[in-house]
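Hi everyone, thanks for making time this morning. I'd like to walk you through one structure, starting with some aromatic rings and ending at a ligand. Let me put it up on the screen.

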Amino acid sequence: MSTLIELKSVARHYTGSSGTVRAVDNVSLSFKEGDFSVLAGSSGSGKTTLLNLIGGIDRPDIGEVLISGISTQGKSESELADLRLNKIGFIFQSYNLLPVLTVYENVQFILQIRGIADRLHNELILPVLKRLGLIDLKERFPSQLSGGQQQRVAIARAIVLKPSIVLADEPTANLDSDTADSLLDLMQSLNHEDRVTFLFSSHDPEVIRRARTVIRLRDGKVIEIENR
Amino acid sequence: MLYFRLGFRNLWRNPVRSLISIAGIAGSVFLCCYLANIKIANHQKMIQNGVEGGPGHLALYHPDWLTEREVDNLIPVAEAIRITDSLKHLSKRTAFRLYIPALAQSPRNSEGVVVMGMELEKEILKHPLLKKKVLIKGTWHSLSGKQDALIGEALAKKLGLDIGKKFVLMVQDKHNEINSQLFRIRGIFQTGLKDMDNNTVILPLNNAQSLLRSENEIHEASILLKDINDLPESLKTARSLKDVSSVHPWNEAIPQLLAIISLDRINGMVMAMVLFLIVGIGTVNALCMSVMERTREFGVMRAIGTRQEKISLMILMEGIVLSLIGIASGLFACILLSLYTQKYGIDLSSQIKNIEAGNILLEPIIYSGWNFNAMGWISLIMLGLGIFGSLYPVFLATRVSPSEAMR
Ligand SMILES: Nc1ncnc2c1ncn2[C@@H]1O[C@H](COP(=O)(O)OP(=O)(O)OP(=O)(O)O)[C@@H](O)[C@H]1O
Ligand SMILES: [Mg+2]
């Protein structure tokens, strides 16, 4: 199976008043199509930083990140934005959605910035909303949704353009365990049936239990990779 | 369209703040445009009065008259007639006038005055000093007697005179001799202009000429055209026919009045600038606040692949939408009120007795006209300000790095 993302000896340091923090320290990893992996580790272990590097939101100080074989090194901000738009879906812990847009419009937003003609929007968006059980909520604004529903909209937006990989930073952290379970069920079935590739960061044992690959981090270093 | 919609909806997230900004923009657009409409009507009125009571659209004077109003700076009536006759087909009226400094004496008092010699039969009810409501006592009609005179109301009081009473005018005549003649008050006028009411005596032109002992000369030949567009042609004709006199268009003959008007316009502009500056700062502030509250959103947008330029465009749109709504409401209010004051005017007579500007009386009822030019410019400047005011918020938003915003 083809490699989607590759990290070669990547490091990211932050220098503050209390010295240098090695948020990500010499990490080499690769992710393949169909993966369902999780970056696990305690708070401050570097999960978010690593995820940002993988998604091209941030750039490494040392090493190289390849997204679909394309290095993020030397890319301009706009080129990186285009790369993210075309290759990667993002789900964040919370406040994922634009509050002034409805569910439908939030998903549509990504089609619009991609420049997809308006007449194609319905046929791209409606099946995804249906698949995620959001079709009846499509006229609602985010403030009128529960946390779990909001996360489902974020998933819809993340997958509507069929990205190579969906990165989700602690997607269940703000949900109660039942809602988190059904969200994970949904993502698992998207992974199985629709072949969506997922990479999570989490310290939620339930997420870690369900992942097929667990990458354990401590102090910015990969200390263990467990394939199941 | 997406950015327009986003901009529009984002403005309604904090409706109070947006409405305050919009009210500021609308209020200043309204105020500036409405004042511009009132000013233009007043300026036109001032110019009209100045032109009618003075040079008309073009006038003949002694070459030195406009710089030095010496009583000796006369022009021959014959030349004035020759030129005005040749412009007869273009002119609405012509008027010959004299302006003579004199001493008016009554048994009780004496006062320095200006004697205006006018062709009363032509100027009655037309010259701004001889309008209907100005005459408060006596008659305007058939004033051709050798002793007939009209006199300002305050002057009459100072001299202790009334209708029918006699007084003496003493002048230095054309031959530098003292000449005194006896006149009888036939009419008293009250213009509201201090200068005029305190020290003006109006005589039929013939009487003024004989007082000056200069039967065939005048100071001013004023020509009012039927159509102002004929001015260049009329000037050309007049200049080709002139001999000793010099021909001036109206704007050369009333420079003080024009200076007052342009000063007034500059005043208006300065006021507008100050207002715009304040409103502009308010707009920038509102946009900055709304941008800073939304750093997380911008972070999400950028993370999912929105280019920086598009986010900038979105914020710019917010500024534009804000300005457009404000400008449109301001213009709307201005047009409504202008329509009203165009028709009914605002009566300021209870507040202000007499408003003078450059020896021209302003009406106590203010009407408005249409200064479309100013309205257009004010709207454009305001829109420009809205766009300019968005630049700093745009800059603030570009400094949001997506990874920082996502923490
Ligand atoms: N912008 C920054 N400036 C300074 N230090 C930073 C910055 N971002 C992250 N760090 C540091 O880098 C380390 C890794 O942070 P990161 O947010 O990646 O951890 P995490 O595993 O996602 O933690 P959590 O589970 O709490 O989200 C931490 O020590 C953090 O303090
Ligand atoms: Mg984190």
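Let's begin with A:Phe198, which counts as buried because its relative accessibility is 0%, where buried means under 20% relative accessible area with a 1.4 Å probe and protein chains only. A:Phe200 is buried too, at a relative accessible area of 1%.

Before I go on, a word on the ground rules. This is a predicted model, where local features need pLDDT of at least 70 and side-chain atom pairs count only at pLDDT 80 or more, while totals for chains, interfaces and linings use all residues. Residues are numbered from 1 along each chain as its sequence is written, chains are lettered from A and ligands numbered from 1 in the order in which they are written, and side-chain values use heavy atoms, leaving out hydrogens and water.

Now, how many aromatic pairs does the structure hold over all chains? There are eleven, counting rings of Phe, Tyr and Trp (its six-membered ring) with centres within 6.5 Å.

B:Arg69 lies over the face of B:Tyr99, 5.5 Å from the ring centre. The charged end of B:Lys122 sits over B:Phe96, at 5.6 Å from the centre of that ring.

And where is ligand 1? It lies between chains A and B. Around ligand 1 are 15 residues, each with a heavy atom within 4 Å; among those that come nearest are A:Lys47, A:Thr48 and A:Thr49. With three residues, α1(A) gives the most to this shell.

One is 3.0 Å from a polar backbone atom of A:Gly46, and one is 3.2 Å from a side-chain N or O atom of A:Glu170. Taken alone, ligand 1 exposes 630 Å², and the protein buries 70% of that, by the Shrake-Rupley method with a 1.4 Å probe.

That's my tour, so over to you!

Technical notes
Rings of Phe, Tyr and Trp (its six-membered ring) pair if their centres lie within 6.5 Å; planes under 30 degrees apart count as stacked, over 60 as edge-to-face and the rest as tilted. Buried means under 20% relative accessible area, exposed over 50%, partly exposed in between (1.4 Å probe, protein chains only). A charge sits over a ring if NZ of Lys or CZ of Arg is within 6 Å of the ring centre and within 35 degrees of the ring normal. A polar contact is a pair of N or O atoms within 3.5 Å; within protein, one must be able to donate a hydrogen and the other to accept it, and residues adjacent in sequence count only if both atoms are side-chain atoms. Helices (H or I, at least four residues) and strands (E, at least two) are DSSP runs, numbered from the N terminus.
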